[in-house]
Amino acid sequence: MKRIIVILTASLTGLTILAGYFFQTQLANLTGLLIEWGILLVGLAGVIGVGYLFKMHLVRVAHWQKGSLLSLIVLVAFLVTVGIGFFLPPDSAFFRNWVLNIQIPVETSLLAILAVTMLFASLRIIRTRGWTLMSVSFLISALISLILNLHYLNPAIGTAGAEWLEFVRRLPLAGLRGILIGIALGGLIVGLRVLLGMDRPYEDES
Amino acid sequence: MTWTEIGWVIIGLAVVLLLFFNLLFTRRDWYPVRVNPAVNAFVKQRVRALEGGKQSQVVLGNRFWSRAYPALGLHALSVSASLVKADPGAQETQVFAAGTGELSLFARQILCGTYQDGYSSALNLILTGPTPHAFMAGFLAEMGLHSPGSVGLFGHYGPMEALILEAAQMKGGHSFAAAGSISAQAALFLTTRDLLIGEEIFLLPGLMDRSPSLQAAWISEDILRVLMIALLVIAAGLTLAGVL
């Protein structure tokens with residue numbers, strides 16, 4: 001019985017939201033309400049998630065396990081930020097500057113590491129993926145794309161050369177659309193399987 | 001016919017195909033599963049990691065939902081259910097990591113449902129950070145503490161998560177990715193050999209758990225893909241001929 005109620009609730013909620021796109025005027029109030037409930041639940045799940053995070057680090061520090069020093073830093077930073085956040089309003093210039101002056105340099109340094117990693121990864125792509133048609137085409141197309149985007153080749157507008165260049169520049173866009181269509185189709189099937197009750201990850205095994 | 005109506009036709013067709021094949025496959029032979037070397041390598045390396053006492057880390061993404069890729073979070077949860085079912089005895093060495101509260105909550109529900117009374121949340125589910133950057137930094141720190149035997153990325157990511165796979169390989173672990181978005185796939189293409197791209201991502205659960213509903217999803221997706229290709233070719237031809 002419990003199983004049927006769960007499946008029915010999940011399916012009916014999903015199908016109502018889906019129908020809301022088709023019958024926008026008739027179902028606007030109901031879908032609005034359901035979406036608000038959904039946002040509220042997701043927000044609550046986020047808070048519970050932060051609770052897990054806090055508990056995990058607290059347990060690690062309490063038992064002085066491997067990595068407890070890092071956990072201690074996380075806990076102190078978390079408590080200080082939450083503490084100050086309770087006393088100062090979110091638009092406080094001091095609070096915003098204080099958080100952003102830590103967050104932005106850390107995130108920027110991660111991006112810098114990523115840039116270097118990507119550079120080395122692209123240089124050793126043949127070692128990673130071998131001499132395959134895919135890896136060789138990737139290298140050649142990346143090289144052509146780089147050269148074209150340097151704008152050294154500038155044929156006169158309206159000539160065959162300009163049209164050819166435009167065609168080559170638009171090729172990655174075609175590939176991108178192909179991948180996006182594939183992802184959309186896959187996403188559609190995954191969503192429908194949950195809506196139709198064929199996939200029930202929320203359900204107990206018993 | 002408007003684009004919205006075309007969309008509804010595709011959705012309707014997908015529903016009909018799913019229901020029809022699900023019914024058909026519960027009674028008759030299943031749809032043959034295509035071999036995917038990347039998935040085979042991932043499954044083998046996971047077993048090797050579990051047998052060697054190393055961790056098999058499954059990362060479920062840094063977002064549950066996004067407007068551009070709405071189903072990636074659901075897909076990650078679906079994969080995690082298949083992975084747990086595939087190795088139910090590997091509770092201690094199979095670690096699931098999530099980057100948002102809701103993903104970790106849903107993943108916990110799946111793990112609790114599978115392990116029942118034997119489940120301990122301290123063992124195998126971690127939320128390393130509530131925002132994408134915090135998640136990544138936290139996960140890299142976790143990798144420093146426990147060398148992984150294999151790392152699998154599923155769900156929604158940005159290009160930054162290529163660092164996770166790079167770190168896994170540096171520590172001698174096997175890396176596998178079946179993850180979006182487009183920018184993430186481009187970055188992951190450079191860092192791992194075993195990568196699923198585009199619609200291949202969503203075929204993954206069917207390779208691990210050959211239930212009728214997953215086989216029905218496979219054949220429905222295949223039919224829709226062929227139909228879409230045919231429609232695009234016809235539309236391109238008609239545009240060239242000046243009809244459209």
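These legends walk through a few close-up views of a predicted model.

**View 1. Where chain A meets chain B.** Here 57 residues of chain A are in contact with 61 residues of chain B. Put together, the two chains bury about 5,400 Å² between them, and 76% of that is on carbon and sulfur atoms.

**View 2. Salt bridges and polar contacts across the interface.** Two salt bridges turn up between chain A and chain B. In one salt bridge, B:Glu142 pairs with A:Arg60, with the closest N and O atoms 2.7 Å apart. Polar contacts between the chains come to eight residue pairs.

View 3. Several helices of chain A each bring at least two residues to the side that touches chain B, among them helix 1 (2-22), helix 2 (24-62) and helix 4 (93-123). Helix 7 of chain A gives the most, with 16 residues. Sorted by type, this side of chain A has 35 nonpolar, twelve polar and ten charged residues.

**View 4. The largest nonpolar core.** This core has 36 residues, and B:Phe154, B:Phe176, B:Leu196 and B:Leu204 have the most contacts inside it. Helix 7 of chain A supplies at least two of the core's residues, as do elements of chain B including strand 2 (94-98) and helix 9 (200-208). The largest share, seven residues, comes from helix 3 of chain B.

**View 5. Around B:Phe154.** Which residues does B:Phe154 touch, not counting those up to four places away in sequence? Among them are B:Phe42, B:Val58, B:Leu83, B:Phe176 and B:Leu204.

Terms used:
Residues numbered from 1 in each chain as written. Chains lettered and ligands numbered in written order. Predicted model: local features only at pLDDT ≥ 70, side-chain atom pairs only at ≥ 80, totals over all residues. Heavy atoms only, no water. Contact = heavy atoms within 4.5 Å. Buried area = accessible area lost by both parts, 1.4 Å probe. Salt bridge = Lys/Arg side-chain N within 4 Å of Asp/Glu carboxyl O. Polar contact = N/O pair within 3.5 Å; in protein donor to acceptor, adjacent residues only side chain to side chain. Helix = DSSP H or I, 4+ residues; strand = E, 2+ residues; numbered from the N terminus. Nonpolar A, V, L, I, M, F, W, Y, C, P; charged D, E, K, R; others polar. Core = buried A, V, L, I, M, F, W, Y, C linked by side-chain atoms within 4.5 Å. Buried < 20%, exposed > 50% of the residue type's maximum accessible area, 1.4 Å probe, protein only.
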